[in-house]
Amino acid sequence: MIIEQAEVVVTSPDRNFVTLRLTTEDGLVGLGDATLNGRELAVVAYLREHVVPLLIGRDAHRIEDTWQFLYRSAYWRRGPVTMAAIAAVDVALWDLKAQAAGMPLYQLLGGASRTGLLAYGHASGRDLPELFDSIRDHLDQGYQAIRVQTGVPGLTAIYGIASNSTGVRYDHEPAQRGARPAEEDWDTRAYLRHLPAVFDAVRNEFGPELPLLHDAHHRLTPIQAARLGKALEPYDLFWLEDATPAENQQALRLVRQHTTTPLAIGEIFNTIWDYQELIREQLIDYVRSAVTHTGGITHLRKILDFAAQYQIKSGIHGPTDISPVGMAAALHLGLAIHNFGIQEYMKHGTRTNQVFHQTFTFTDGHLHPGDHPGLGVTLNTDHAGTYPYEQAYLPYNRLTDGTIHDW
Ligand code: GCO
Ligand code: MG
């Protein structure tokens, strides 16, 4: 199974996506997602200039060897650009191997460990009525677990809610097209005062059963995160995500000492080394890495197997900036591992679904990757070509005194 062709396809149907497309001598086509939100073209250059020439003529069956070759021969290890590029190659090779075997990828990974993957959607609202509407809408769509993000009085534009510069709501996409990133505002004290009351109202309205999640998006100091975790304990969260910025693994020790609210982290991590202390010291409950940003199935599987020894589960990243190819990879992996926790699932837009034909299903709040050989995703290159790259950035944050803050 020799790789004859490797193309990097950039397309922007509802947002920018970067896809690696490998073709073998016997005509199989494998896909890998290399989308790094707001920095897409850096990965495109990394792949086109440095990786694609190394792939031509290689045996597509040698997945582990290719992974180690790309990781170690670059000398410069880790980092989101490198690891997204390696992930794209890795996922495309798994797609090819499974197609060659005539099996859905999850079969090669050990077979199904469950019948479907519990998924959570993103409900949000600037105020309670808007938030309740959004939760009801998600329940109507079949979701059985819901992430709750809320506006904070006094703040005009914050993560997960929606007001961008034109005041239009977004549920699906924080990255905005244009030549400059949008500015959002932040006040941690106002947020900490407001959030517990919102969860109190949500529990009163929707009852004790519904799994609820929340993303603090890296904004808190360890002691603030500890306080928030404690304040949210009565509302029985499924998890509190990214309570502190991810670089300092020690920060989670302090948070953990103070609260029993389950902690999830890792969407911006890219290797097992970022998790070493967190997993070994059982400072977290869920691994948030994306297949796309963590070196692919080969590497994320190693992280999740390590996590399994400590009863830590998966919560694979699945916002809209993970392409349908990256989502499919997450679904096959999630179906196969024993320590699956939950899968994030925001729906892609219609244009994206026309570019990427997918075979997964979403029934009664549960995802299944389908039983087509490989990943089960095909790329319509004609359609893709009609949506050229458009510059887009993620927003950034300023505090009320003008200081730049974590977004
Ligand atoms: C999540 C994430 C996303 C990120 C986005 C950045 O939990 O889904 O926090 O909303 O902000 O993926 O590219
Ligand atoms: Mg997040």
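Predicted model: local features only at pLDDT ≥ 70, side-chain atom pairs only at ≥ 80, totals over all residues.

Me: Which domains does the domain assignment give for the protein chain?

Reply: The assignment gives domain 1, covering 3-107, and domain 2, covering 110-371. Taken over C-alpha atoms, the centres of domain 1 and domain 2 are separated by 26 Å.

Me: And how many residues are in contact between domain 1 and domain 2?

Reply: On the domain 1 side there are 30 residues, in contact with 32 residues of domain 2. The side of domain 1 that touches domain 2 takes at least two residues from each of β2, β3, α2 (63-73), α3 and α4 (105-108), and the largest share of that side, eight residues, comes from α3. By class, that side of domain 1 has 16 nonpolar, eight polar and six charged residues.

Me: What about the largest nonpolar core, which residues touch the most other members?

Reply: That core has 113 residues, and those touching the most other members are Val-43, Leu-47, Ala-85, Ala-88, Val-89 and Val-291. Helix α3 (residues 80-101) gives the largest share of this core, 14 residues, and the core draws at least three residues from each of domain 1 and domain 2.

Me: What is Val-89 in contact with, leaving aside its neighbours within four places in sequence?

Reply: With those neighbours left aside, Val-89 is in contact with Leu-20, Gly-32, Val-51, Leu-55, Thr-66 and Leu-70.

Me: Switching to strands, how do β2 and β3 pair?

Reply: Strand β2 (residues 17-24) pairs with β3 in the antiparallel sense over five bridges, and Thr-19 has Asp-33 in β3 as its bridge partner. The two strands form a hairpin with four residues between them, and Gly-27 in the turn has a positive phi of about 90°. Strand β3 (residues 29-33) is mostly covered, with four of its five residues buried.

Me: What about the open sheet of three strands, what is its order?

Reply: The order is β7-β19-β20, with mixed pairing. β7 (183-186) and β20 (404-405) are at the edges and each has a single partner strand, so one side of each is left without a neighbour in the sheet. β7 and strand β19 (residues 396-399) run parallel and are joined by four bridges, and Asp-185 stands opposite Arg-398 in β19.

Conventions: Residues numbered from 1 in each chain as written. Chains lettered and ligands numbered in written order. Buried ≥ 20, exposed ≤ 12 C-beta atoms within 10 Å, placed from the backbone. Pairing = 2+ DSSP bridges. Core = buried A, V, L, I, M, F, W, Y, C linked by C-beta atoms within 7 Å. Domains from an automatic or database assignment. Contact = placed C-beta atoms within 7 Å. Nonpolar A, V, L, I, M, F, W, Y, C, P; charged D, E, K, R; others polar.
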